[in-house]
Amino acid sequence: MDYDLRNDAYDGPILEIDKLSISFFTRLREIPAVMDFSAKIQPGEALGIVGESGCGKSTVALGVMQDLGVNGRIVGGSIKFKGRDLNTMTQEELRDIRGSQIAMIYQEPMASLNPAMRIGKQLMEVPMIHEGVSEKEAYERALEVVTDVKLPDPKRMLNSFPHQLSGGQQQRIVIAMALMSKPSLLILDEPTTALDVTVEAAVVELVKDLGKKYGTSMLFISHNLGLVLETCDRICVMYSGEAVERGSIEGVFDNMQHPYTQALFRSIPLPGADKNARPLIAIPGNFPLPHERPQGCNFGPRCDYFEAGRCDQGYIPMGDAGDDHESRCLRFQEIDWNAPIAVGAQTEKPEPGRVVLKMDNLKKYYEVAASALFGGNSKKVVKANETLSFEARESETLAIVGESGCGKSTFAKVLMGLETATDGEILLDNKSIGNVPIEDRDTKTIADVQMVFQNPFDTLNPSMTVGRQIMRALEIFKIGNNDNDRRERMLQLLDLVKLPRAFADRMPRQLSGGQKQRVGIARAFAGDARIVVADEPVSALDVSVQAAVTDLLMEIQREHKTTLLFISHDLSIVRYLSDRVMVMYLGHVVELGTTDQVFSPPYHPYTEALLSAVPIADTKIKKKHIVLEGDIPSAMNPPSGCPFQTRCNWKDKAGRTLCETEVPPVRMLAEGHQVKCHLSDVDLAEMEPVIEIAAE
Amino acid sequence: MGLFILRRLGVMILTAICLTFIVFSLTNLYPNLEKLAKTQGNFRMSDEAVTSYLTNRGYLQPRLVKYGQWLGVMPGYVIDGSDGETRARCAANRTPDENTATFCGIIQGEWGQSTVFKEDVSGIVSTRLGLTGKLMFWVMMVMVPGALIIGVLAGMREGSRTDRSLSTISIISTATPEYVSGVILIAVFATPLFGMQYFKGTATSAMDDANFNNFFLPVITIALYGMGYIARMTRASMTEVMTAQYIRTARLKGVSFPNIVMKHALRNALIAPFTVIMLQFPWLLNGVVIVETLFNYKGFGWTLVQAASNNDIELLLGVSVVSVFVVLITQLISDIGYVFLNPRIRIS
């Protein structure tokens, strides 16, 4: 060894990746996953890698870890860690570095913890392997780090198994594990994707603080531009295996020099975007498959600035855009980056029509046996929905917002008829359907109320062609007299969701995620649905596809005057497309109002925290910083009084005892704006806006 | 946990009662009884003589009454026979005196007389079960560690040369039933045919004094068959665990490969095969029937064959009661062990 890697005297870059190329080898061909990738991380610096799924960002991380599996191989370039090339290290040397010098935090905390090993043992292992410390010292160290990641009752934590912890706590344990031996480099691979927004905000905050405390450099991989803005110093945008733009956060966010980065920013709903006045601009076309990449610029076929004969010829190098800012575009100096955005087709805001759906004091309780194994007598009641009352009108978009366990999916199930209401009523055209299970509903009602599901990958039958599946829905809705009729109608539906008619004969596996979701939408509209429940319809899709699918939903809604119930946890997209917003927490509706009313003060304290938690990819936005303590309580064992009282930052103002004992009444703040909170009018009036756009 | 075991025991007893009732009804069908009367009395009995023989010995009482007496929850019969003799069940069909108990059934430990061996059923069952227990113990000692080692070695690097060769061996060993492998093993290792006469082809002497020489062949015959099966299960579970994300976490923590396998993968990989291993116990009970007969080892399986072929009703019933309990107890152990292996399952 040239010098000790633990030697703190080293002051060059922690990580230096130079022209790295990684390929996966299958029997058929070599598939290049990463090409010509360079990056540098200085001590204490955080580098963000952003890109859509399949762009190779996780492969870079695994390449740094030298853990590419049997099929992956580094085919070119070097990865230098503190000046030493990781590619030439032996397995023993690598093992020495892994976990002690470079640590990694993963996407799914539950899957990355050993289910049959106590947390403490998993943590203690790290210093015991790398520093050979005694079990007792390792335990002390584990206790200290668990306290550092702000977990309650560290001793009990160390003695638990992973399944006894909530998702947020598990991710904190994974972070603690990574920090056990104070690494110089921390790789975070989508660390918060599986978490709720308020939990995500707390975890991000923690990572930032700990990074500062321990002086760790970070490689932060994410698809979320807002998150990268909040955590990183430098950013690298990847597209189809290549880094296309690299620079400081401010440089790239405010002064982008690559068409893909620009297109990406235009397709995410930032404050100010509006579905009617300033619609999102989706990136046309699809992400190229690794073995179908075009000649020349990979982004060429989807680029607005494409110049035939120039952009499609050979290799395109990184060009220097000055001020430590680089772009892989031949034309970046010619493009006028400040040209105003060509505004997409503007549309009139449709007037909401008559009331089609009315909820009246809807309640849904579940009875759960306390111990399933013995079928004991003690039953617990889970209150999944508590007195839901609202109306939804024709051609209106009502967003239902809340984190996991807030009861939004239960509500959708009751509406669809998969469950029946415990109490209260659902009125569809003044006809009560709350107690009619789906088997007893007539075809018309079923066709009227349809659903678009979250995960398009699981909701299509993998062994049936796309056309057949839509025709099957038509058959069930008794539309068309024969197969020819239905086939014609099915082709029209494909037109409606803007899929080529040739797709009718394709199998679901031949479709991309966005295309599958379009099929899901076509199926939902097969029977001319009047109410569509969209359960997180775009959250499983990539950013550039999200915009297109959202636009499609909006367009169909305008044409068909559909009532859209949009269930989501993503407040940016909710703000962009909904007319009214309903915020739910632990089965209660805590706030309900028009989008403007909900997104501006006075807020319900939970809405305020939720707004503050959502990362926004705009450097001009100033956000008030609110971090909620703890996790969402279990619906099995809800807190007394106000459901939000355990995490509320305003509790002292409203009077502690009041919040802890009484469920707050529903109060009307303005026409159509209701809040469930004990705060006085004066306190509510004092609330400041969470999101402010700084003066330009 | 205590409550759980209690409940399971209750279920076990209920199952045992149901199963023994079925066996009891089947062995007490009239043609069986007729055969019994003729073998015990004389082969040229008239139909009337058979009836009176059976009536005098309580065989023709209602089925439930008979079952109750056998079980020991109803008083044993005392019949003044048509031939002038008084017979009582509890006095071994002789005239009862003041020492004769009222109840005599399984519960009181009265298992009846074997008609073939002319001995107490309880005595036969316990010695034979002991002998089979010895055989099963050694089978398990060879089979379980062998299978787990093969499975783990094959599964830790899926698709490697070790994996392929070990998998092939396990498939071959599972695909060969005992009556084939036993015959082949005897031919190869117990005859001078191939010049490898290392072992004895009969295990009769192993009943008193088991040693490597006389016990190896029966043990390995049973073990080979089960070994392949458990090894396949372990391999499948191991390959799945080795691709799990927490194994990657361990690898990127710097844990060495042997430690990954031993500390992180093994416990998780054993959860699925554990149930299979415990299910092998009841299967072993029936597997030994063939092997014990083949190697002339007079154990439990051999006794079952003798009892069945000689219409020995009391012995047959005794054997089935014991089998039922062996099966149910191993399943209870399997459930309890599962809880210890898998922390996600908690009883209480």
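E190(A) lies in the loop between β7 (185-189) and α7 (197-214) of chain A, where helices (H or I, at least four residues) and strands (E, at least two) are DSSP runs numbered from the N terminus. The phi angle of E190(A) is near 45°, a positive value in a residue other than glycine. E190(A) counts as buried because it has 20 C-beta neighbours inside 10 Å; a residue is buried if 20 or more other C-beta atoms, placed from the backbone, lie within 10 Å of its own, exposed if 12 or fewer, and partly exposed in between.

The model is predicted: local features need pLDDT of at least 70 and side-chain atom pairs count only at pLDDT 80 or more, while totals for chains, interfaces and linings use all residues. Residues are numbered from 1 along each chain as its sequence is written, and chains are lettered from A and ligands numbered from 1 in the order in which they are written.

K498(A), in the loop between α14 (483-496) and α15 (513-524) of chain A, is another residue other than glycine with a positive phi, here near 60°. K498(A) has 13 C-beta neighbours inside 10 Å and therefore counts as partly exposed.

**The two chains**

Chain A contains 22 helices and 26 strands. Chain B has 12 helices and two strands, and its elements run α-α-α-α-β-β-α-α-α-α-α-α-α-α from the N terminus on. The radius of gyration of chain B is 26 Å, well over the 20 Å that the globule rule gives for 348 residues, so chain B is more spread out than a compact globule. The radius is taken over C-alpha atoms, and the globule rule is 2.2 Å times the number of residues to the power 0.38. For the 696 residues of chain A, a compact globule would have a radius of gyration near 26 Å, and the value of 27 Å agrees.

| Chain | Extent of C-alpha atoms along the principal axes |
|---|---|
| Chain A | about 80 × 65 × 55 Å |
| Chain B | roughly 90 × 60 × 30 Å |

Buried residues make up 49% of the 696 residues of chain A and 35% of the 348 residues of chain B. Two residues are in contact if their C-beta atoms, placed from the backbone, lie within 7 Å. In chain A, 67% of the contacts with a separation of 6 or more are between residues 24 or more positions apart. In chain B, 67% of the contacts between residues at least 6 apart in sequence join residues at least 24 apart.

The contact between the chains takes 24 residues from chain A and 18 residues from chain B. On the side of chain A that touches chain B, the elements giving two or more residues are α2 (91-97) and α3 (119-130) of chain A. The most come from α3(A), with four residues. This side of chain A divides into 12 nonpolar, six polar and six charged residues; Ala, Val, Leu, Ile, Met, Phe, Trp, Tyr, Cys and Pro count as nonpolar, Asp, Glu, Lys and Arg as charged, and the others, Gly among them, as polar.

Of the 12 residues of α3(A), 10 are buried, so this helix is largely enclosed by the rest of the structure. Among the buried residues are I119(A), L123(A), M124(A), E125(A) and H130(A). The buried residues of α3(A) pack against α4 (135-148), α5 (154-158) and α6 (167-179) of chain A. Just after α3(A), G132(A) takes a positive phi of about 60°.

**Helix packing**

In chain A, α7(A) and helix α19 (residues 605-613) pack at an angle of about 55°, with their axes 8 Å apart. Axes are lines fitted to C-alpha atoms, for helices over the stretch in contact, and angles run from 0 to 180 degrees between N-to-C directions. That angle makes α7(A) oblique to α19(A); angles under 35 degrees count as roughly parallel, over 145 as roughly antiparallel, 65 to 115 as roughly perpendicular and the rest as oblique. V197(A), T198(A), E200(A) and A201(A) of α7(A) meet A609(A), L610(A) and A613(A) of α19(A). The residues of this contact comprise five nonpolar, one polar and one charged.

In chain B, the axes of helix α1 (residues 2-27) and helix α12 (residues 313-341) come within 10 Å and cross at roughly 155°, which means that α1(B) is roughly antiparallel to α12(B). Residues making the contact include M12(B), L19(B) and F24(B) of α1(B) and L316(B), V321(B) and F325(B) of α12(B). The contact residues divide into 13 nonpolar, four polar and one charged.
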